[in-house]
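I opened my notebook to record what I looked up in this structure. My entries follow, one topic at a time.

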Amino acid sequence: MMSHIPFGYAIKNGKAVVNEKEAVKIKELFGAYLSGLSLTEAAKNAGIKRCHTSIARMLTDKRYVEDKFYPPIISRDTFEEVQLERRRRAEALGRIYEHKGNEKKCLNFRFHASMPDNLYDDPFQQAEYAYSLIKSEVISDGNQECYGNPCS
């Protein structure tokens with residue numbers, strides 16, 4: 001049982017079929033995005049009224065290309081071009097971060113607290129006061145590197 005039918009499809013007699021009217025809009029969306037329009041503008045041009053996130057999901061939905069249940073609407077070449085364009089735009093905007101594995105620096109901290117001068121009857125007030133006495137400092141130990149695990 002399916003919980004969601006993607007835009008561009010309908011279910012008839014238990015099988016997914018292409019909704020031709022919506023499929024034209026899907027093709028226009030992919031084409032408009034490849035022509036350089038933003039997600040919102042590409043959707044507007046294609047006549048699709050969806051939020052920005054839904055449009056982004058549509059452009060990455062493999063069901064438009066290949067699926068055991070859904071017939072294709074978009075060619076594999078067009079789909080792959082859109083994926084490359086999305087990646088290119090994300091990189092240009094600095095939205096892609098790839099962890100290299102060893103660039104994470106570990107910081108060591110030293111904590112100390114002075115002896116409390118005041119005692120309070122309210123335990124919450126006493127705890128707040130005790131925590132206010134804690135001081136911390138970063139200990140510089142060179143360029144110790146770690147790989148996602150705590151440094152020792």
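**Entry 1**

I began with the orientation of helices H1 and H2. How are H1 and H2 placed relative to each other? They are oblique to each other, because their axes cross at roughly 140°. Angles under 35 degrees count as roughly parallel, over 145 as roughly antiparallel, 65 to 115 as roughly perpendicular, and the rest as oblique. H1 covers residues 20-34 and H2 covers residues 39-46. Their axes come within 8 Å. An axis is a line fitted to C-alpha atoms, for helices over the stretch in contact, and angles run from 0 to 180 degrees between N-to-C directions. H1 passes H2 in a right-handed crossing. A crossing is right-handed if the near helix is turned clockwise from the far one by less than a right angle, and left-handed if anticlockwise.

I noted how the model is described. It is a predicted model, in which local features need pLDDT of at least 70 and side-chain atom pairs count only at pLDDT 80 or more, while totals for chains, interfaces and linings use all residues. Residues are numbered from 1 along each chain as its sequence is written, and side-chain values use heavy atoms, with hydrogens and water left out.

**Entry 1: residues in H1**

Gly31 is partly exposed, at 37% relative accessible area. (Buried means under 20% relative accessible area, exposed over 50%, partly exposed in between, with a 1.4 Å probe and protein chains only.) I looked up the C-alpha atoms of Gly31 and Ala42, and they are separated by 8.1 Å. Along the chain these residues are eleven residues apart.

Val24 is also placed in H1. Val24 is partly exposed, at 44% relative accessibility. From its C-alpha atom to that of Gly47 I read 9.8 Å. Val24 and Gly47 are 23 residues apart along the chain.

**Entry 2: the overall layout**

I counted elements next. The protein has five helices and four strands. Helices (H or I, at least four residues) and strands (E, at least two) are DSSP runs, numbered from the N terminus. Along the sequence the pattern reads β-β-α-α-α-α-β-α-β. The protein has 152 residues, and 24% of them count as buried.

How many salt bridges does the structure hold? I found six. A salt bridge is a side-chain nitrogen of Lys or Arg within 4 Å of a carboxyl oxygen of Asp or Glu. Side chains of opposite charge can pair when their charged atoms come close.

I went to helix H4 (residues 76-92), where Glu85 and Arg88 both lie. Their side chains meet in a salt bridge at 2.6 Å, N to O. They are three residues apart, about one turn of the helix. Glu85 is buried, at 14% relative accessibility. Arg88 is partly exposed, at 46%.

Glu85 also forms a salt bridge with Arg89, at 2.8 Å, N to O. Arg89 and Glu85 are separated by about one helical turn, because they are four residues apart in H4. Arg89 is buried, at 16% relative accessibility.

I then checked Glu91 and Arg87. They form a salt bridge, with the closest N and O atoms 2.9 Å apart. Both lie in H4, four residues apart. Glu91 is partly exposed at 46%, and Arg87 is partly exposed at 34%.

I also noted a network of salt bridges that links Glu66, Arg76 and Glu80.

**Entry 3: a nonpolar patch**

Which residues form the nonpolar patch on the surface? I listed Leu107, Phe109, Phe111, Tyr131, Ile134 and Val138. Together they have about 680 Å² of accessible area. Strands S3 (108-113) and S4 (134-139) are the elements that give two or more residues to the patch. Patches are made of residues with over 30% relative accessible area and no salt bridge: like charges are joined within 9 Å, nonpolar side chains (Val, Leu, Ile, Met, Phe, Trp, Tyr) within 5 Å. Accessible areas come from the Shrake-Rupley method with a 1.4 Å probe; for residues, only the protein chains shown count as cover.

I looked at Tyr131 by itself. Tyr131 sits in helix H5 (residues 123-132). Tyr131 is exposed, with a relative accessible area of 62%.

**Entry 4: a positive phi**

I ended at Asn13. Asn13 lies in the loop between strand S1 (9-12) and strand S2 (15-18). Its phi is near 55°, a positive value in a residue other than glycine. Most residues other than glycine have a negative phi. Asn13 is exposed, at 82% relative accessibility.
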